[in-house]
Amino acid sequence: FIGTPTFPSTKFQFVFKKPVKCDRIKIEFVELSPEALASDGTQTPAIAEFTFIENIDGDIIETIPTTSIFDSNYINEHRVKNGEYTYTGSEGLSDRPLSNAFDDRTDTFWIAKTENTDSYHNSIDITFNDRIQLEGILYDSGYSSGSQVFHGFPKKLNIYSSIGNEEYKLEALFVGTPTWP
């Protein structure tokens, strides 16, 4: 998947070509834009909110119209509720913990404590209570409108999935560079 996230959008969709059957996913932040909300431009993710969208109809959907996944009725109907999964991941800054990415608020952020390197990538593991068909992920980004910058935005994002005790397998690679018009 290749795309160019562009302001004024601050929430972005990472949609799979077809729903992913899984009960666990791993989100790996491979390459990021510099994060300057709480640091000096380090390569750390900055996320306001994650929302997981489930295919509840059981239909295999090849393409999802761009507008449908942002429709509030669609999101409310297909959203995996916070109590229906658990998460672990890279430690956040003391005032920007990982829990902020899952608190249903866009005014709080998770900012990873450790900077990405060639040998270390920040990541988040999600374990769903039940097996699901994951259509996509909504990602509410960190940004500054005054300086026209996306902070810690994933320019390269790997999504892995698993069922039960299987090893993770790469499901999708999302690539894009955020721009300001």
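Let me start with a definition: rings of Phe, Tyr and Trp pair if their centres lie within 6.5 Å. On that rule, a search of this whole structure, a predicted model, finds 17 aromatic pairs.

I'll take two of them. Phenylalanine 52 and tyrosine 85 have ring centres 5.2 Å apart. Their planes are at 85°, so this pair is edge-to-face. Phenylalanine 52 sits in strand β3 and tyrosine 85 in strand β4, so the pair ties together parts 33 residues apart in sequence. Both phenylalanine 52 and tyrosine 85 are buried.

Now the second pair. Phenylalanine 52 also pairs with phenylalanine 102, with ring centres 6.4 Å apart. Here the planes are at 20°, so the pair is stacked. Phenylalanine 102 is in the loop between β4 and β5, 50 residues from phenylalanine 52. Phenylalanine 102 is buried, as is phenylalanine 52.

One more ring. The charged end of arginine 24 sits over tyrosine 168, 4.5 Å from the ring centre.

On to the loops. Serine 33 lies between β2 and β3. Is serine 33 buried or exposed? Its relative accessibility is 7%, so serine 33 counts as buried. Its side chain reaches the backbone oxygen of phenylalanine 150 at 3.0 Å. Beyond its sequence neighbours, serine 33 touches residues including Thr42, Gln43, His151 and Pro178.

Last, glutamate 84, in the loop between α1 and β4. Glutamate 84 is partly exposed, at 37% relative accessible area. Beyond four places in sequence, glutamate 84 contacts Thr127, Phe128 and Asn129. Glutamate 84 and threonine 127 are 43 residues apart in sequence, and 8.7 Å apart C-alpha to C-alpha.

Technical notes. Residues are numbered from 1 along each chain as its sequence is written. This is a predicted model: local features need pLDDT of at least 70, side-chain atom pairs count only at pLDDT 80 or more; totals for chains, interfaces and linings use all residues. Side-chain values use heavy atoms; hydrogens and water are left out. Helices (H or I, at least four residues) and strands (E, at least two) are DSSP runs, numbered from the N terminus. Buried means under 20% relative accessible area, exposed over 50%, partly exposed in between (1.4 Å probe, protein chains only). Contact means heavy atoms within 4.5 Å. A polar contact is a pair of N or O atoms within 3.5 Å; within protein, one must be able to donate a hydrogen and the other to accept it, and residues adjacent in sequence count only if both atoms are side-chain atoms. Rings of Phe, Tyr and Trp (its six-membered ring) pair if their centres lie within 6.5 Å; planes under 30 degrees apart count as stacked, over 60 as edge-to-face and the rest as tilted. A charge sits over a ring if NZ of Lys or CZ of Arg is within 6 Å of the ring centre and within 35 degrees of the ring normal.
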